[in-house]
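Subject: The structure I promised you

Hi,

Here is the structure we talked about, so please open it and keep it on screen while you read. Below the picture I've written up what I found in it.

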Amino acid sequence: MATHTEHELMDEISLKYPNKYKVFILNDDYTSMDFVIDILMSIFHKSYTQAEAIMLEVHKKDRGLCGVYTHEIAETKVMQVIKRAQDSGFPLKATMEEE
């Protein structure tokens, strides 16, 4: 049988889920739509249809939601986007913000 102290300890230990972060691609006037679709399919594992819809959202609303991830994964995806864009000569940027 649990003692009073054990119950208090169990109440203090609650499951805390890691914060989630939204990753967005930002619009610019130079990056090709095809490149954005390629990024969405390769880095964010979107289907062509999903990637096209997000690319149009970026084009119309200046940013598009690519996904929601833990901090480390979101940070990695932002860095992958920026590196791939730089390597390809595009100024494409991605950002993350807490959900």
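Let's start with the overall layout. The protein chain has four helices and three strands. If you walk along from the N terminus, the elements come in the order α-β-α-α-β-α-β. Keep in mind that this is a predicted model, so everything below is computed from predicted coordinates. The chain has 99 residues, and buried ones make up 28% of them.

The three strands form an open sheet, and their order across it is β2-β1-β3, with antiparallel pairing. That leaves β2 (63-70) and β3 (93-98) as the edge strands, each pairing on one side only. On average, neighbouring strands are turned by 25° against each other, if you ignore direction. Have a look at β1 (residues 20-26) too: seven bridges join it to β2, and the two run antiparallel. To find your place in that pairing, look for Y21, which stands opposite Y69 in β2.

Which helix packs on this sheet? It's α4, which touches β1, β2 and β3. The direction of α4 makes about 165° with that of β3.

Leaving aside its neighbours within four places in sequence, V81 is in contact with I39, I43, F44, L92 and A94.

**The salt bridges**

How many salt bridges does a search of the whole structure find? The search turns up three.

- D38 pairs with R84, and their closest N and O atoms are 3.8 Å apart. D38 lies in helix α2 (residues 33-42) and R84 in helix α4, so this pair ties together parts that are 46 residues apart in sequence. D38 counts as partly exposed, at 39% relative accessibility, and R84 is partly exposed as well, with 31%.
- R63 and E97 meet through their side chains at 3.0 Å, N to O. Because R63 lies in strand β2 and E97 in strand β3, the pair ties together parts that are 34 residues apart in sequence. R63 is partly exposed, with a relative accessible area of 33%, and E97 is also partly exposed at 33%.
- D87 bridges to K83, with the closest N and O atoms 2.8 Å apart. Both of these residues lie in helix α4, four residues apart, which is about one turn of the helix. An α-helix has 3.6 residues a turn, so residues three or four places apart point the same way. D87 is exposed, with a relative accessible area of 58%, while K83 counts as partly exposed at 49%.

**A lysine to look at**

K77 is found in helix α4 (residues 71-87). Is K77 buried or exposed? K77 is buried, yet it has no salt bridge. The nearest side chain of opposite charge belongs to E72, which is 13 Å away; a salt bridge needs the nitrogen and oxygen within 4 Å. What does K77 touch, then, leaving aside its neighbours within four places in sequence? K77 is in contact with I43, F44, H45 and Y69.

Cheers

Conventions:
Residues numbered from 1 in each chain as written. Predicted model: local features only at pLDDT ≥ 70, side-chain atom pairs only at ≥ 80, totals over all residues. Heavy atoms only, no water. Buried < 20%, exposed > 50% of the residue type's maximum accessible area, 1.4 Å probe, protein only. Lys, Arg positive; Asp, Glu negative; His and termini not counted. Contact = heavy atoms within 4.5 Å. Pairing = 2+ DSSP bridges. Axes fitted to C-alpha atoms, helices over the stretch in contact; angles between N-to-C directions.
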